[in-house]
There are 2 protein chains.
Amino acid sequence: MDEFDCLKLDNQLCFPLYACARSLVKKYNPYLAKIDLTYTQYITMMVFWEKGKCSAKELGDKLYLDSGTMTPVLKSLEKKGLIKRARSEADERLLMVEITAKGQALKTEAVKIPGQVAACVALEPEEAKGLYQTLHKLLDIMR
Amino acid sequence: MDEFDCLKLDNQLCFPLYACARSLVKKYNPYLAKIDLTYTQYITMMVFWEKGKCSAKELGDKLYLDSGTMTPVLKSLEKKGLIKRARSEADERLLMVEITAKGQALKTEAVKIPGQVAACVALEPEEAKGLYQTLHKLLDIMR
DNA sequence: TTCAATTTAATTGAACTCAATCTATTATAA
DNA sequence: TTATAATAGATTGAGTTCAATTAAATTGAA
């Protein structure tokens, strides 16, 4: 017990959060590879599967990602034919992004993935719920 | 409520984990910038502040990072004069890494950081403890 | 002993992430 | 109206991150 204990890896909260996030994303990769998506592309498509269309700005807000990350992700999804990008006519600063039929079709493949990942990462429902709530609380605090 | 609900961002556990980890690392950055470290370099130095020396292999195991990540991180820390890299004489496959006096000296600067970050991300002690335990449990499950 | 398997790092290439900066567009205030 | 500020995206550069591959050293089995 000394004044440097706060610098031990075992006493950190950020480190297991960071390690856990990377490990869990890795669990998705073999399943995502089958539908030719990266994790970042997958969560982006989630927004479109739910909403159909969305401005790049709104997308970045939802995903906590800035334009430096979103721009290449959106370009690559468009290249795959899953979305279409176009400037808003009402406000040309806005990039309006819309899902294509091909993008919609991918949803029926993607829907299997959450269950497959959950199967290899089973937490007690209680514990999963607590984790979910704490993470959202933390996201709120840090916003 | 339909069969696609599992694809909504709000029903994911991985997404808030991933977003939270990135947001929290960002909170460290202004403080880490003052001692010219990135977050990855910082957690690497934590191991050396605690242990003094460590093989690259052991380091990767502790940090959940592979050689593709560790190699450039260790090279950059060596370039800053914080550590020294050398092959083990007993087994030349092993890269033995050791902290320098300059690296040790940095510890007295770094020790302020956890408290500064904790101050902007205050969770109830109970909740922090629960989060800590669940994350370590998850890391175990996924190992 | 000897050769095949294993282990450890390094390398490569693709993708992500972010801070900082730049450009174009829109909003606002004098 | 006209200058100024604010906003949305794109770009750039540094640093991760990982999968896959390679090379060198060591281990272990025949």
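## Model and conventions

This is a predicted model, in which local features need pLDDT of at least 70 and side-chain atom pairs count only at pLDDT 80 or more, while totals for chains, interfaces and linings use all residues. Residues are numbered from 1 along each chain as its sequence is written, and chains are lettered from A and ligands numbered from 1 in the order in which they are written.

Helices (H or I, at least four residues) and strands (E, at least two) are DSSP runs, numbered from the N terminus.

## Two copies and their interface

Chain A is superposed on chain B by a rotation of 180° with 0.0 Å of shift along the axis, at an RMSD of 0.0 Å (least squares on the C-alpha atoms of residues with pLDDT of at least 70 in both copies). That is the relation of a two-fold axis.

Across the interface, 47 residues of chain A are in contact with 47 residues of chain B, a contact being a pair of residues whose C-beta atoms, placed from the backbone, lie within 7 Å. The helices α1 (14–34), α2 (39–51), α5 (101–110), α6 (113–120) and α7 (125–142) of chain A each supply at least two residues of the side that touches chain B, and α1(A) gives the most to that side, with 14 residues. Since 100% of the interface residues of chain A are also interface residues in chain B, the copies meet through the same surface.

## The sheet of chain A

Chain A holds an open sheet of three strands in the order β1-β3-β2, with antiparallel pairing; two strands pair if DSSP finds at least two bridges between them. β1 (53–55) and β2 (83–87) of chain A are the edge strands, each pairing on one side only, and the twist from one strand to the next averages 20°. Axes here are lines fitted to C-alpha atoms, for helices over the stretch in contact, and angles run from 0 to 180 degrees between N-to-C directions.

β1(A) is joined to β3(A), residues 95–99, by three bridges in an antiparallel arrangement, in which C54(A) has V97(A) as its bridge partner and K53(A) has E98(A). Helix α3 (residues 56–63) of chain A packs on this sheet, where α3(A) touches β1 and β3 of chain A and its direction makes about 90° with that of β1(A). On the side of β2(A), five bridges pair that strand with β3(A) in the antiparallel sense, and A86(A) has M96(A) as its bridge partner.

## Helix α4 of chain B

Helix α4 of chain B covers residues 67–79, and at 1.5 Å a residue its 13 residues should span 18 Å, which agrees with end C-alpha atoms that are 18 Å apart; the expected span is 1.5 Å times one less than the number of residues. V73(B), L74(B) and L77(B) are buried in α4(B). Seen down the axis of α4(B), the buried residues fall within an arc of 100°, so they line one face of the helix (the arc is that of the directions from the helix axis to the C-beta atoms).

The buried residues of α4(B) pack against α2 (39–51), α3 (56–63), β2 (83–87) and β3 (95–99) of chain B. On the face turned away from the buried side, α4(B) carries the exposed residues G68(B), P72(B), K75(B) and K79(B).

## Residues with positive phi

Most residues other than glycine have a negative phi. Y64(B), in the loop between α3 and α4 of chain B, is a residue other than glycine with a positive phi near 60°. Just after α4(B), G81(B) takes a positive phi of about 80°.

In chain A, D36(A) lies in the loop between α1 and α2 and has a positive phi of about 55° although it is not a glycine. D36(A) counts as exposed, because it has 11 C-beta neighbours inside 10 Å.

Key: Buried ≥ 20, exposed ≤ 12 C-beta atoms within 10 Å, placed from the backbone. Contact = placed C-beta atoms within 7 Å.
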